[in-house]
Structure formats: structure tokens, C-alpha cells
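The following paragraphs lead the reader through a structure, chain by chain. Please keep the sequence and the model in view while reading.

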Amino acid sequence: MEKNISLVSPLPRESSRQEGIASLRTSRWKERALAYFFLAPSLILFGIFLFFPLLKSVYLSMFLTDPQGRVASFAGADNFTNILTSEVFYNSLWITVKFILLTVPTGVVAALLLAAISIPKLRLTKLFQFFFSLPMAVSVGTGSIIWMVLYHPTLSILNYALSLIGISPIAWLTDPKWALLSVALMTVWLNLGFNYIVMLSGMQSVPEDLYESSKIDGSGPFRTFFRITLPLISPSLFFIGVVSIISAFQSFAQINILTKGGPMNSTDVLVYNIYQDAFINYRFGIGSAQALILFVLITLLTIVQFKFGEKKVHYQ
Amino acid sequence: MSIRAVNQTILYVLLSVAALLILFPLLFTLSSAFMSSAESATYPPKLIPSGMHWDNFLQVVETVPVIRFITNSFVVSAAIMVGQLITASMAAYAFAFLRFPGKAMIFSLFLSTMMIPWEVTMIPNYLTVRSWHWLDSYQGLIVPFLASAFGTFLLRQYFLQLPKELFEAAKVDGCGQIRTFIQLVLPLSTPSLATLAVYSFLTNWSNYLWPLLITNKESMRTVQIGIGMLQFEEVTAWNVVMAGIVIMLLPSLILLIAGLKPLVRGITAGALKG
Amino acid sequence: MKPFGKKTLAMLLLSCMMLVAAGCGSNGSPTQEDTASAAPETSSKQEEPVKVVWWHSMSGDVGKAAQQLVDEFNAEHKDIVVQAEYQGKYDESLNKLKASLGSDSGPSLIQVYEIGSRFMIDSKAITPVQQFIDADKYDTSRLEPNILNYYTFDNKLYSMPFNTSNPILYYNKDAFKAAGLDPEKPPATYEEVAEAAKKLTKSGQAGGSFAIYGWFMEQLFANQGAELLDNGNGRTQAATSSLLGSDAGVKTLDWWKRMVEEKSMLNLGRKTDDTSKAFAAGQIAMTLDSTASLRSIVKSAEGKFEVGTGFLPKADANVKGGVIVGGASNWILNNRPEAEQKAAWEFIKFLAEPKSQAEWHINTGYFPITQKAYDEPIVKENMTKYPQFQTAVDQLHQTTPSLATQGAVMGVFPEARQLTETAIEEVLNNKKSSKQALDDAAKAITSKIEEYNKTVSK
């Protein structure tokens, strides 16, 4: 990489207008050099703060660690076989999958709908756009605290509202049947702001004359939405899809604050399990092994999404 | 005309219902922040506080050095935001427009960084930062977050949406890559740059564990630690915590308002052609 | 990563940053400040005051009370400066400690929750306070023996208790009156609690609710004189297996479950904060909670009803047992210079003084760790204001010391608690029988203990 950086110094100022194969080759070289120069800052930072720790955890995953987190004895693949044969792991994995299914499609569809109804220019459009993006300002930590109060087992204002319409109170976080759903609801709310903004900016970049011409063609709003808007914002949709799945996989803070994995392990997602092992129970080796498995899982899933999903994405 | 009016009304109703549902948790927080501690925990729950209990805010200020924490969070988040905008837009430009060997491989390498669980990186990074004597410093809080695969991905998706004809025109005009990048691509991408700016600022505003780990001095700490300092495990006074949340939310709200403007302005077809 | 030298990396990074961040002008300067302030700390011997860094997890009002004590100490001692640093919740602070071990970025003194004791000893990173007690000929007889017991291993006191609490039964006296129960006689046994709960249950008010908190289970074990772990609760020798599935556990859980089934007891989840708020709102008439919550519970019920307190219920009136001390203690780290450790010990002694303890007690609701504190006028005054606290003190004093009431010790305590809580949930949600759930949990805990023991070098 250093080689490339040194190559960069004579920056291509003007693309050459001269004809000839030689100049074509230099311009290609310049393009490559520029590309690596543009990628270098990110790659260096990733190398130090992400890949290096990852390699370290590959190493740790093959050992048992003592209470200080130091390597105590070599375990080889034991940590992995222990995890892959344990019931707890598959339970966590299943809960994680359920959590993703509960949060990702809902989150994407909700954001899409909100963007669709707030794109027509009305007098108050800007205000509503602001309202819809508000949850983005809330961090997971504070959001969880707010929802913890909303979900309080006996003082919940949500239950009070339900009681007004004759529905008996729901044990949001203490009933194993509800807990994951409640956490998912809160997560959808939390991510809504960001998803909405991405959708909105995607929709806003659709050239207006396209809408005009479809109007002239006599196409109704629904048809326009499905025929024109959706394909044109598919890069944004694809982005939100991939990113939401990754972030759902890594959701931790809300679980830690709201349920601590309970009741009856019904919200014990994989990352919570990893956190427990690495930071509460001082088993860095097993925690690392589990984190690596998680890493591989997300990576595989993302590859699949790119393989099959990106084909359908329409880039202009 | 009348059909349009009906449509508008329906739209407004839809918008209002959605807004109410989304805003409710925040309005609830705001109202609880002004309640007395007894009021904040009664059944049936109260929607509106009986009086304005400003002393909750006073208590927050007494427990937590709010101004200092907000300043720190602001400096850190702003620096990270600027850094990520630069690194991510450069990388995204390379991925979107430049041809170079290993592109697919490097792009997947970028994406894979998003999938590394933070549990793995935390302790090794602490050790790295410590060996550089960066504990209790702004650079320790900032540098590890300066690059963002997420931002790169976001901008790449957006760059790819830009009309191709534009670049061909630029090429014909003899516009070099760097000029294309700075004078064409970046200005056209203001909405997505604003999205990334707001996103990166707010994510880092929410950071909790990393600042807690690498800072000891109160003078270097950030707002999320402040919220932690307000709660006590045995008993928590909701009203005071909510007041704290309101205080620490304010700067994020202001940023959101500021960032939303370029974001929703969007680009029109006319601007693209001109 | 190896092909890069560290310096090149740092240089590259810095240049990137210059390129990148016009906004952060403070680059570098804090580092210099750091090294500058660190230098005199190591070089100076007598002239400069010794700096003691104390990591604690006390937040909110309790955090303020802790800071107040530190300020008083610093005013009194010109040669020592204690710097109190809040480091997040107990487990967060412990993690930070773990990361800082083997470097000079750690504290001189750290507050650790009681269930982290075994970890602290096994980490071999601490100096037992017994060393200072012996060297100083410090008289420990003034301290509460029942509190010291918890932190004593092999007849050595390892850490100095700081904030300590017990669970007690809180009840709504007005609701008792309304239900025809004697408001001055709280139920003392499982049977009495169940009967009272039944009578107290009416529309809008349940008899009671206990948070699903592993700590309560541990306490209810000790209250029957039953041990939670083998090898004398892990105190005569490192524990090898959990006794959670024993009769004491099954009896307790059956009782709890029966009340939930009869709807006289609610299941409000794991947080005591939730049960205490429900109690204050008059939705439940009895609850278990820590003595440290007493002030806020009494305060939040002010003007609504009168709060009564009783001993933690026993399985039978005639079983011997008592409660275990909960809370946290202060540990001295052994990698700090001797002068600093001594200074930390001075601070510990200051914290244990009757005056400090009296102040700490009335500001927070934690027990004073020395009996002398009860003679302080502020404590007496507090006792008349919150007579309910007498129950807590009596309960502590009436506890007969035994391995059971000394409390279990194991390296995997936080995890064991979590497993116990899951077991309770499984029973209350009708997934398993008490015996089954506790046996399963015991098995899981035992295997975790075995795993832990493998990693700890003898």
C-alpha cells in the first residue's frame, strides 16, 4: 500500500487529451493511483481499529482466558465446538433471526410509507418531515430508558391507553411471549428516523420531470409509486435493507437496558450473549469465538444480499 | 379542485396520526421532565405535569457538569463528522467512479468492517490507544471513528444514482477526476452528505462505552456518561432522569434541524442539467 | 499489521487527521499535559501530596454523598489527595479495571460489588487490607462483625466494606388495616405472607410482588440456614458445584409460585425499581427490597400511606438463619507505589470512622459499618424520622453467623444470578416445576464453575 501512496504524488490534474496508447496507459495508472490514494485513509484506520482487533480475537478464540483476561490454556477448536453444540447458542441464534424478521421489514416499510406521504409539497410538509426524522436524535441508551418507563409493568401509560379502549394490560417486558415484540417495537421506532431520512433523500433525488411526465401519461399515484419511484430509489432501499440487517444483528443496548436477555431467555440475542461472556463472565476466549461466528454469519448473509439483491437494484 | 382538497385533507390526517405516534415517546419524556417525582410514578399516569418543576433540571446540573460534557461531546462528534465526510466521500468516489484492480475485494473488505461486533474491538483498541498515551484525550475519542464503512456505502449508493451523462460531459470538457469529485459530485450529493453528517454526528453523540473506557477525568467525559450518572441502580427518580435526557437531547435536535434543510432541499432535474 | 511500524502508523494517522479534521485544534496538546502531570506524580516523594485515584460506581444522589466524603477527607488531609472517579455501573467499572491491569492507568482503590469478590481475589491484583490492619494494629472490633464476615476469607479481611444493605419486607400499613390485618405485625413466615397476600388482594391492588432478582433467592436460602454452594458456600475451599436445587430452594419457589397462581402475588419482572414504584403507587401491598431503597420508598409513599418494614420472611418460624450482607467494598490495587497504597488505606480508615459512616448512612440509606455510628446525633435523628430503619438494623444484628449467612463466593456469580433468575421465570411462567428448573440451573452453574476453576491457577 505504501508503494501506491508514493505513486500518487504526481496527481493527475487534467485528463490527457493527447492520443496514443502510452498516454492512455498513464491515465489508467493515474486513475488507479488516485483510487488507492482515496481509499488509503479509510483502509489505514480500519486496519488499526478493526482488523487488528479482529485478528487478535481469532487468536483469543483458541484459548481459555483467566479472570484477568489473559490466556490461560490452549483450547484449540474446543471453544467453537462447545458453542456449536450448545443449545443456548441455537436458541440465541433463533431469537436473533426472529428479531431481524420483526424489525427489518417493518422498519423499511414504515419508513417508505412515511416518506411517500410526506413527499407531496404541502404547506406543512417540512414540519412533518422534521417530526418523522426526530427519533434519529435519540440514542439507543436514552431511547431505551424512555421506553422502559413506557413499558413499566404497572404504571405503563401504554397499558392505560389500552385500558381506555377495553384491552387488558400487556406485560410488555415481563411476559416471555411479548418481550421480544416489545423490544422490536422500540427498535423500529428508534431506527425510523434514519430510515426515513434515507428514503426521503432518495425520493427527493428522483427528477421531478419524471413525475410530471408520468402524470401526463395519466398514471395514478399508486402506479407512479410502484412503476417510477420504487425502481428509482432501489439503491436507497437496498442500502437500508443491508444496513438494517447488520444493525439488527448487533442490537445490544436496548436488550441490556430493557430485559437483560430475559424473561426465560426470550430476548437473549447473540450479541447480548457475547457481551455476557466477554464483559460480565470474563470468558474472553469463548466470547471471541462467538463473536467470530457472528461475524461470519453476517458476512455470509451480506454476500447473499449483494449477490441476489444488487442485481435488482436499478442504478441510473 | 375539490378532489384535490379532499386528498389534501386525507394526507394531513395521515401525516398527523403518524406524527403523533412517532412523537409520543418524546412528548412523554418532555412532560415527565417537568413532573414531581410522585407525579411521574402514579396510576393512572399523568400526561400533563401539574406545575413546571424546573428544579429537576437544577438537580441535573448539580449532579452532572452538563456544559462541560456537552462541549466535549460536541467537539468529538463534530470532528468525527468532518473526518467521516472526508474519508467516506473519497472512498465512495473511488468505488463508484474509478477503475482499479481489487475493487470488489476492497469493497467487500470495507463492508465486512460493519459486521465486526464491537465487543471484539473494544479492549484491543483500548490497549492501542493507551500505548499511544491517548487516554483522556480528544484524539483518543475521535481518531478510532474517523473512517466509516457505513458512510462509504451510503455515499457510494448515492453516487451511483447520479446521472451518467453528467460525467461523460465532464470528461469531454477535460475535467480531471479530482475536479469532477470536488466540483461536480460533492455539490450534487449535498442531501446524502447531509444525511451522513447528521447520522455520524448523532451516532457519536450516543457513544457510551468507549468514552467511559478511555476517559477518567470528568473534564474529558461526554453526555451519555452524564445520563448514567443520573441513574442509580437501587432507585431511580424518573423525572430527574427525563430532565437530563431532555437537556442532552437539545443539541442533537438543533443539529437535526440544521441538517434537515440541505437534506430535504433535494435536487431538481433543472439543477442537474445546468 | 506488522509491516507498519507503530511510529509510521501514528505519523500516517496524524497526517490523515491534519488533512481531515480542521475542527479538532486540540490535537497533541492534551497528551503533553498528561505526561506533564504524570511526571511529578512519580518523581515527587514528600513535597507533593500523594494522589489516590478511587474508582466508584455511585451515581445520582448517592454519588453526591460519596463526593462529599471525599471532599471532607481532602480538607482534613493535606498530604493526600483523593480523586473520586465515577466509572459506570459495577460491571462496567470492573471491566475497565480488567483492561487497565498491568499498566499504570488503573486506580489505587476501587469499589467492587460483593459478587465480584472472588474475581478480585483470583485476579491477584490486590493487596488484602488485612496487611494494613496488621501493620497499623487497627482495631476491627468496632466494625460490624456480620458485615466484615462477608469480606473475610481464610481469616483475612481482603477488602473494606463500604456500602452495605440487606433485603427487608416493605408493607403498606393502611392496606393492612383495610384488610383487617394487624399493621404492627408484619408477616414473618412464608405461610403468613401467603395468607396476608390473599387477604390484601382486591381490585386494583395485589397482595404483593417480589422482583425476580437472584439476590432475593440467595437471601432466602441464607434465611433458612441453607448453603448455596458446596465446600461451605465456597468458603472452606473453592466451590465445585451449586446446591440451588436443594429443598430450601424448592420450598421457596413452590411458595412463590403458589401465590402467583392464586393471583395474590404479581410477576413484575426482574427490576426492583419496578416493584418499588408499583408499591409506592399503591398497586401492591407488600414487596421485598433493599434497605438502601428505604428512604426513597418512604418518601414516595408520603401523603399516600404509611410504610411498614419487617424481616425477610422465613420458611418456618423456627429455622435458624439470617441475611447476607449485600453491597460493595473497596479494594486496594497492588501495582501502585507503597506510599499510594498507604494513602488509600488512610482514606479507607477515614470512610470507616463513625462520623463518616453516620453521614454516609443518613444520606444514602446504606448501613453504617461501625456500631459507633448509631451514637452520632444525626443518626439518632434519622432513626426517629425513619423508624422503619430499626428493622433493618435488628435484622442485621440478629443474624447468626454461619457459612450460610456469610454468603456464597464463586467466580461466576453474576452468571449464576442470571441463571437463577431464568429458573424462577420458568417456574412462574409454568414452563417447569420448581425442582426441575432449579436442578437445571444448578447443573448449568456447576458446569460454569468447573470451567472457571480450570482457568484459575492455584
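This is a predicted model: local features need pLDDT of at least 70, side-chain atom pairs count only at pLDDT 80 or more; totals for chains, interfaces and linings use all residues.

What percentage of the 458 residues in chain C do buried residues make up? The share is 56%, where a residue is buried if 20 or more other C-beta atoms lie within 10 Å of its own, exposed if 12 or fewer, and partly exposed in between, with C-beta atoms placed from the backbone. Residues are numbered from 1 along each chain as its sequence is written, and chains are lettered from A and ligands numbered from 1 in the order in which they are written.

Chain C contains 21 helices and 13 strands; helices (H or I, at least four residues) and strands (E, at least two) are DSSP runs, numbered from the N terminus. Two residues are in contact if their C-beta atoms, placed from the backbone, lie within 7 Å. Of the contacts in chain C between residues at least 6 apart in sequence, 76% join residues at least 24 apart.

Chain C is also divided into domains, with bounds that come from an automatic or database domain assignment. Domain 1 of chain C comprises 47–165 + 326–382, and domain 2 comprises 167–322 + 412–455. The centres of these two domains, taken over C-alpha atoms, are separated by 29 Å. Where they meet, 10 residues of domain 1 of chain C are in contact with 10 residues of domain 2 of chain C. On the domain 1 side, these residues divide into 4 nonpolar, 4 polar and 2 charged. In this classification, Ala, Val, Leu, Ile, Met, Phe, Trp, Tyr, Cys and Pro count as nonpolar, Asp, Glu, Lys and Arg as charged, and the others, Gly among them, as polar.

An unreviewed UniProt entry places a "coiled-coil region" at residues 424–455 of chain C. UniProt positions are given in the numbering used here, feature names are shortened, and annotations may be inferred rather than shown by experiment. In the model, residues 424–455 of chain C are 84% helix and 0% strand, with end C-alpha atoms 29 Å apart.

Chain B has 14 helices and 0 strands. Buried residues make up 56% of its 274 residues. The C-alpha trace of chain B spans about 70 × 70 × 30 Å along its principal axes. Its radius of gyration, taken over C-alpha atoms, is 23 Å, whereas a compact globule of 274 residues would have a value near 19 Å; the globule rule is 2.2 Å times the number of residues to the power 0.38. Among the contacts in chain B with a separation of 6 or more, 77% are between residues 24 or more positions apart.

B:Leu186 lies in helix H9 (residues 177–188) of chain B. Why does B:Leu186 count as partly exposed? It does so because it has 16 C-beta neighbours inside 10 Å. Leaving aside neighbours within four places in sequence, B:Leu186 is in contact with B:Ser89 and B:Phe181. The C-alpha atoms of B:Leu186 and B:Tyr93 are 9.4 Å apart, although these residues are 93 residues apart along the chain.

Chain A meets chain B through 87 residues of chain A, which are in contact with 82 residues of chain B. Helix H2 (residues 21–60) of chain A gives the most to the chain A side, with 19 residues. By class, this side has 58 nonpolar, 20 polar and 9 charged residues.

The unreviewed UniProt entry gives "domain: ABC transmembrane type-1" for residues 89–305 of chain A, a span that is 74% helix and 0% strand. The entry also lists residues under "transmembrane region", including 93–115 and 157–173 of chain A. Residues 93–115 of chain A are 100% helix, with end C-alpha atoms 32 Å apart, whereas residues 157–173 of chain A are 47% helix, with end C-alpha atoms 14 Å apart.

Finally, confidence is expressed by pLDDT, the predictor's confidence in each residue, from 0 to 100. Chain A averages 85, and 92% of its residues score at least 70. In chain A, confidence is highest in helix H4 (residues 87–118), at a mean of 94, and lowest in helix H1 (residues 2–8), at 34. Over residues 1–18 of chain A the pLDDT is below 50.
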